[in-house]
Amino acid sequence: MSIEPLLVLELAILGLGTGFLAGLLGIGGGMLMVPFITFILGARGVSPDLAVKMAIATSMATIIFTSVSSVRAHHKRGAVRWDVVKRLAPGIVLGAAVASLGVFAVLKGSWLALFFALFVSFSATQMLIDKKPKASRTLPGTAGQLGAGGAIGFLSGLVGAGGGFVSVPFMTWCNVPIHNAVATSAALGFPIALANALGYIVSGQNVANLPAGSLGYIYLPALLVIACASVLMAPLGVKAAHALPVKALKRVFASVLYLLAAYMLYKGLMA
């Protein structure tokens, strides 16, 4: 696959959009990246089954860089709950390892696409409902947060997202203020992305028909361009998150997610 200027432009625009959303909503951008990278790779001759897997893996790898940029901006505002990060991170690494080293390699790309569509739809619905938790509810103890981290890491590994689609609703359900939940989710994106990316590299060794420039399931040209663009935009997303009505923005974003879920559902059924 040649690296033509149009491909670089497409990836750069995608990186700018996902970087902004990473800072704004505490998501790694995977829910936006995966459908578009799937389309970009598929349009350039990569088989549908492999394109889905590579999109998920590449999306996750970019979150390593996006999360660092985003969390630095949130940390300066004192919004990150580092105590929560420390309790969730060990479970996240374990769950990510199980997903990326084992389940991901076994499942067909069509099944992963369908699973992605279902969870993106779930995330969009949660954003629209915006159900308020009971005032008495708090975060569980260390064991409970370890288990929650395992679930977040595992689900993220299957769909190539930074975990914000699970961790933000989980924290707000436990009465963590929304801005703290978004900031903490951004911090959690780093261990999620690093653990999963390493798993995708290992499990993607010796896979047939990978395009030139691939490292395991990760497509390095896309990783480079998207990471550079997203790192530039993430701080602007953080600034907007602390200044704009997030509730209204979530509704718009949820509508976009439904469209992307429909596309991945189509890809899964057609693969």
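**View 1. Asn-209 lies in the loop between α8 and β1 (214-215).** Helices (DSSP runs of H or I, at least four residues) and strands (runs of E, at least two) are numbered from the N terminus. This is a predicted model, in which local features need pLDDT of at least 70 and side-chain atom pairs count only at pLDDT 80 or more, while totals for chains, interfaces and linings use all residues. Residues are numbered from 1 along each chain as its sequence is written, and side-chain values use heavy atoms, with hydrogens and water left out. Most residues other than glycine have a negative phi. Asn-209, a residue other than glycine, has a positive phi near 70°. Asn-209 counts as exposed because its relative accessible area is 71%, where buried means under 20%, exposed over 50% and partly exposed in between (1.4 Å probe, protein chains only).

**View 2. Asn-175 sits in the loop between α7 (164-173) and α8.** The phi of Asn-175 is near 65°, which is again a positive value in a residue other than glycine. With a relative accessible area of 33%, Asn-175 is partly exposed.

**View 3. Val-68, Phe-190, Leu-194 and Leu-198 make a nonpolar surface patch of about 330 Å².** Patches are made of residues with over 30% relative accessible area and no salt bridge, like charges being joined within 9 Å and nonpolar side chains (Val, Leu, Ile, Met, Phe, Trp, Tyr) within 5 Å. A salt bridge is a side-chain nitrogen of Lys or Arg within 4 Å of a carboxyl oxygen of Asp or Glu, and accessible areas come from the Shrake-Rupley method with a 1.4 Å probe, for which only the protein chains shown count as cover of residues. Helix α8 (residues 178-203) gives the largest share of the nonpolar patch, three residues. Val-68 belongs to helix α3 (residues 48-76), and its relative accessibility of 37% is why Val-68 counts as partly exposed.

**View 4. Cys-174 is buried, at 4% relative accessibility, whereas Cys-228 is partly exposed, at 48%.** A disulfide is a covalent bond between the sulfur atoms of two cysteines. In a search of the whole structure, which looks for pairs of cysteine sulfur atoms within 2.5 Å, zero disulfides are found.

**View 5. The whole chain comes to 10 helices and two strands.** From the N terminus on, the elements run α-α-α-α-α-α-α-α-β-β-α-α. Of the 271 residues of the chain, 53% count as buried, and the chain exposes about 11400 Å², of which carbon and sulfur atoms supply 71%.
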